[in-house]
Structure formats: structure tokens, C-alpha cells
Protein chains: 2
Amino acid sequence: MSRIVHVAAAQVGPVERESPRAEVLDRLIALLTEGAARGADVVVFPELALTPFFPRWFLEGDELESFYEDEVPGPSTKPLFEEARRLGVGVSLGYAERDGAHHYNTQVLVGKDGQVVAKYRKVHLPGHEEHEPWRPFQHLERRYFERGDGFHVSRAFGGVVGMAICNDRRWPETYRVLSLQGAELILIGYNTPIHYAPDPGQDRLAGFHNNLVMAAGAYQNGCWVVGVAKAGIEGGVPGLAESQIIAPSGEVVAKTVTEGDEVIVAACDLDLCDNYRKTLFDFDRYRLPEHYGLITSQRGVVPPPEAS
Amino acid sequence: MSRIVHVAAAQVGPVERESPRAEVLDRLIALLTEGAARGADVVVFPELALTPFFPRWFLEGDELESFYEDEVPGPSTKPLFEEARRLGVGVSLGYAERDGAHHYNTQVLVGKDGQVVAKYRKVHLPGHEEHEPWRPFQHLERRYFERGDGFHVSRAFGGVVGMAICNDRRWPETYRVLSLQGAELILIGYNTPIHYAPDPGQDRLAGFHNNLVMAAGAYQNGCWVVGVAKAGIEGGVPGLAESQIIAPSGEVVAKTVTEGDEVIVAACDLDLCDNYRKTLFDFDRYRLPEHYGLITSQRGVVPPPEAS
């Protein structure tokens, strides 16, 4: 089995509040088709690819519920997955999941045969729980979603694949927990508003930080990282584009150049992971968990006592 | 008390095998003097600043022992610390420490009053234990040093300061364990051979990786990071320069441009840490140690079972 996985990052431009699901699905199918034509083994779509990033609005009732899917692949997404299976291409897709009374920010991984390989429910939910009218727009992920049960990996496409979503990528623990399970390819969808209301001084750095955390995650764990944006001005709110595929060296090997629907493809040689995992980052030889205790024993900062 | 700490990174060019300690000390005093003249509150010297990076040679007996210090400040380093005290400047200095029969790769932090604030003994010792003649040069840190007892912080210069040494900076756990203790300023000395014998494909990336890990460590923990090189061609082996001071945003605010003795100074406003620590990286609100268990329960990679 070849260790080269051809990965397509299918960046999706704005999805407006009133966009019919079928219209969005047509766009995703067009991206899928292009990815397949360019040789992709798997096409990766962003977080909440089927809908606008609705946590930016304070919503209740039917409109809020209309953004969730009860089943994926399911009635409204079937044409995408059927086409993927016909083309022999895997799919990773982010969507809002409803499981009975529970709601998650979810990413599914489907194999070339159309079978679900894994489902990941976002762990690091950023933003806030209550309506905060002082903000120019909301970030209510902590109101609309419950947290998933953690980071897991799966064998797929000849390697070990992990998933993470948006804010997860800013936490080094995400990559580490996945790489300790052998992840060689980490698929990350994101919606990143460029404006960060709690500290607008960070706005000008949105693209820099996006690359920094994913490149460091790739290098420090010797794995491929695929970051895929829902990009552009959606609902009047500018969202970061800059989808990228990053090698275990930390180098960007492919990057989008628009803020709309755009496919980039890279041949990801999973054997390159060993360049780092069997040398500098040979965890068995060099990691020292006995000195990392605070990472799991303590949640917040505990500073030393003030000088008396 | 002001929350701005003026930090000087005092990069040191090559120290040759036959260089008398007193000659090296004169160079360090010249760097200290320049740092003080440029307003530094603390001058940070690199790892093993008093000697060549002797783990590159397979050594035994008297020559090996000649590279260690029994006491710092001590007889051979007294003039540096006396001058620092006279100038009212703190010092962080890397050196090879002998404590009876024990040997460590150590960095000391001395306050403006000449008192030792903290001593850090390197935890992540890279390289190898035995002579490996196939290498163009050795990296025998695991032969010449024992591991320290972990990462600690101290109150100094109006803030919370942590130290790490060289290879420590490549591990995200280093910064995290320090920031969980409140570190706002992390001082890191390094000797980084540009040639990495186990995978020479990494050589061209030495500078990129150096910045990547320290910038990610700064941003993901909302702290200042000061990286100081022993730089240039020492003992015939090219060492990375590129000393730099990095803000909590991950941005480089000062960087050396030579491979020799060179001072850079930056005004590090420790209050900038809160821009990240009280927003996106509010650990109390957003960290989820219950999902990070593998980081401390497991040392190496445990991949999922092979498909049957």
C-alpha cells in the first residue's frame, strides 16, 4: 500500500443565512469533483460546511434547530456522499450535529467505500454561553454545542488519521494527544472571524496565528496538518481564509489564495513523519511525562506566592 | 512597580576549546556592560556560555572535568557577577555544573542585588550516550549531564520568570508547565548545531524551527520568550545564531543579525501577557485537562491496531 495520500483541502466561501442546503451541497459537490479530478484520495471540507457559522447570532427555536443535522450521511447530504463513493474519494465534513437532545460541532470522516470511519465532536469550544450584545457579533459555541468525548484516531487511507476543529488547533495538547495515538495526518476545519472582540489587537495577526499553531503542531508532532477554512465575508463578518496543508517539517506545501470556494491538493507522504518521529522527536527516547504533571493535574494558572 | 522589564539577549560567538575562561569572561563582561548601557534590567547569556559546546567531542578525564563549574557565582565567574551587581543588572547564565559527583547543564538567574534567584538544570537532554564515530561530530549531552528535577518559576524583575535550555524549547510541554505556574518571561539559552546528523534534511530548516517553536510557545502560553544563542562556527561546527526576543503575540521584537557576540534589547511589557491569558487562552475557562490524559500517562506513541 502506498504511503502517499493525496489530500484536497476544499475551502468553502461564505454560506449565507438564507442559502438553501441543496445549493450549498451543489457547491460542495463541485469542490469534491474538482478534488477527485486532481487525484485526491480524500477531500476535506471545513467546520460547519453546510451552514453559515450560526454561533455568530443569538438564535432560538426553529431557526436555530434548522442548522443541525440528525444524520450524516443523511437525507440532506446523501448526494455528496453518493458522488464521493462513485468517484472513489474519501470525505471529511464539518457540520452541526443533533443527537436526540444533544448538539455537537462535529466532523465526520468517510472512507472511499462510503463507510463512516470516524466522527469527531469538538472539544475546545471557544466563545461564550450567554448573549453579549456589546459584541459586534456573537460567538455562542458554548451555548449551542456540548463538548465531545476527546481526541481519537483511526486507520484510513493507509495511515493513522486524527481530526480536530477550529479552536482545538490553538492548543498544543490537541496535536500531542493525537500524535501519542500515532496520528500521521490531522484534519482540521475552521471558521475564524478575523475580528476578536475581547482583544481586537489580535485581529491583524489572525493569519499569522493560524499558521503558527498548525505549523508548530505539525513539526512538534511529526505529522501532516490540513487546515480548511470557511472563508470570506459571511453574514457581514470577515472570516479568515488561508487554508493550508502543512508537512511534518512545519512547511506549508499548499495554500489557498482566495476567500471563496477553492481546492488545493498535496501529495502527503506519511513516511516523512518518521524523519521527526524517529529522530529528534522520538517520544519513547526523549519525552519525559514525569515532568509534565501539571498539564493534566491543573486546569488554570497557579502563580507563585507574591513576595512578602 | 513597573511591569516593563528591559531584557538584553547577549548572544555569544564561538568559544574555542583552548580559550582561557578569563578571556571568555571578559567577553561576557563586555556584553553585560553594553546591555546595562542600553538600559537592561537583566542580561541573558546562552547555554554553556563559559565553554565551547563540549558535548560535540568524546572526552574523558581532566579535559572533560575542566569544563564544569563547582559554584556559580564562584571563583572563575566572580568578576562578571560583581560587575553586574555594580551596574544593578540581573544576569542569567548557562554553564556546565558539577555538584559533587553529579553533572548538569544548568542556567542560573541572579537578581540585581547579586543574589541567586533560581537555578534550572536542563530536563530534555538530546543526543546520545555513547561515542558514535559515524557522526561528523558528537552530541553527548546524555553522557555528560544528568537530568534536572523539572521546570520551576520565580518572582523576579516584577514578574514571574521561568528558564529552559536549548532542546527544551522544542517541546510544547516545557512552556505549558511553566505558564501553568504563571511564567510571564521564559529565558532560554541554546547551542544548536545546524547539521543534524540523524536527518540532515532538517539542516536547512534550523532557523525556521528555532523561531517556530519559541513563537508558538510564546503565543500559546501568552508569555515573553527570550532565546539566546551560542552562535557561529565553533570547533569547526556551524551553530545557529538568530537569537530573538518574542512577544506574547508570537511576534519577534528583536533579533540578532550576526554570528558573533551581539546584544539585542527589548522592553518587555509583562502586562501584554494578559491580552492572551485573559481572553483566548484563559486556561481556567478553556483548558480541558480531562482530555489531555495521554500526555502524562504515556511516554511514547501507541498506535491503533493494524487493520486485520
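**Close-up views of the predicted model**

**View 1. A salt bridge joins Arg204(A) to Glu251(B).** Their closest N and O atoms lie 2.8 Å apart. Across the interface of chain A and chain B there are twelve salt bridges (a side-chain nitrogen of Lys or Arg within 4 Å of a carboxyl oxygen of Asp or Glu). This is a predicted model: local features need pLDDT of at least 70, side-chain atom pairs count only at pLDDT 80 or more, and totals for chains, interfaces and linings use all residues. Residues are numbered from 1 along each chain as its sequence is written, chains are lettered from A in the order in which they are written, and side-chain values use heavy atoms, without hydrogens and water.

**View 2. Chain A meets chain B.** Each chain brings 74 residues to the contact (heavy atoms within 4.5 Å). The buried area is about 6900 Å² (accessible area, 1.4 Å probe, lost by two parts on being put together, summed over both). Carbon and sulfur atoms give 58% of that area. In chain A, Arg155(A), Trp171(A) and Arg299(A) lose the most area to chain B, together 11% of what that side buries.

**View 3. One face of helix α3(A) is lined by buried residues.** The helix (a DSSP run of H or I, at least four residues) spans residues 78-87. Leu80(A), Phe81(A), Glu83(A) and Ala84(A) are buried (under 20% relative accessible area, 1.4 Å probe, protein chains only). They pack against α1, β4 and β5 of chain A. Arg85(A) and Arg86(A) sit on the face turned away and are exposed (over 50%). Just after α3(A), Gly88(A) takes a positive phi of about 70°.

Conventions:
Helix = DSSP H or I, 4+ residues; strand = E, 2+ residues; numbered from the N terminus. Arc of directions from axis to C-beta.
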